[in-house]
Amino acid sequence: MEIEVKKLNAKKQYVGSFGFDYQPASNLCLLPLCKIDGAVRIEGEFEIYEDDTVGVIFTVKYFLTGKCSYCLSDAKREISFSSDVLFVPEKDDDNYYYDGFKINLKTAVDDAILISQPGVLLCKEDCNGIDVT
Ligand SMILES: [Zn+2]
């Protein structure tokens, strides 16, 4: 999952799109008793600007499966999340850094997977938890 900025610049190819499947590390799932089921699908577009900064817009899509956070029944939910980031060849606090040659999307994708996770996974939207009556 790399964007070869220098090469693309040489070819005057300043915009493009990409799509790939990514198998995230298991510790990217923060919810207890849950996991990211299968691969994460990533699709996006990039634009290389004149100052060598690169704007990347991408969507991560995946299934979260595991136990309902309230009642422990089996639960599954599809997550879709869009991210709009900027890669810069000089480090700053707000953007992702790259070396001016090529961008590795891994950190931005991992961040998007983390940010996109809900606080709870529910078997159904109105789950009331374990029925104790
Ligand atoms: Zn439930």
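Lys102 lies in the loop between β6 and β7 (103–104), where strands (E, at least two residues) and helices (H or I, at least four) are DSSP runs numbered from the N terminus. The structure is a predicted model, in which local features need pLDDT of at least 70 and side-chain atom pairs count only at pLDDT 80 or more, while totals for chains, interfaces and linings use all residues. Residues are numbered from 1 along each chain as its sequence is written.

With 14 other C-beta atoms within 10 Å, Lys102 is partly exposed; a residue is called buried if 20 or more other C-beta atoms, placed from the backbone, lie within 10 Å of its own, exposed if 12 or fewer do, and partly exposed in between. Leaving aside residues up to four places away in sequence, Lys102 touches Glu2, Ile3, Glu4, Val5 and Lys6, contact being defined by C-beta atoms, placed from the backbone, that lie within 7 Å. The C-alpha atoms of Lys102 and Asp126, which are 24 residues apart along the chain, are separated by 46 Å. Leu72, in the loop between β4 and β5, is likewise partly exposed, with 13 C-beta neighbours inside 10 Å. Leu72 and Leu122 are 50 residues apart in sequence, and their C-alpha atoms are 8.7 Å apart in space.

Five strands form an open sheet in the order β2-β3-β4-β5-β6, with mixed pairing; two strands are taken to pair if DSSP finds at least two bridges between them. Because β2 (15–22) and β6 (96–97) stand at the edges with a single partner strand each, one side of each is left without a neighbour in the sheet. Helix α2 (residues 106–116) packs on the sheet, touching β2, β3 (34–48), β4, β5 and β6. The direction of α2 makes about 135 degrees with that of β5, as given by lines fitted to C-alpha atoms, for helices over the stretch in contact, with angles from 0 to 180 degrees between N-to-C directions.

Strands β2 and β3 run antiparallel and are joined by eight bridges, with Gly19 having Glu43 in β3 as its bridge partner. Of the eight residues of β2, the number buried is zero, so this strand lies largely in the open. Strands β4 (residues 54–67) and β5 (residues 74–88) also pair in the antiparallel sense, over 14 bridges, and Tyr62 stands opposite Ile79 in β5.

Technical notes
Two residues are in contact if their C-beta atoms, placed from the backbone, lie within 7 Å.
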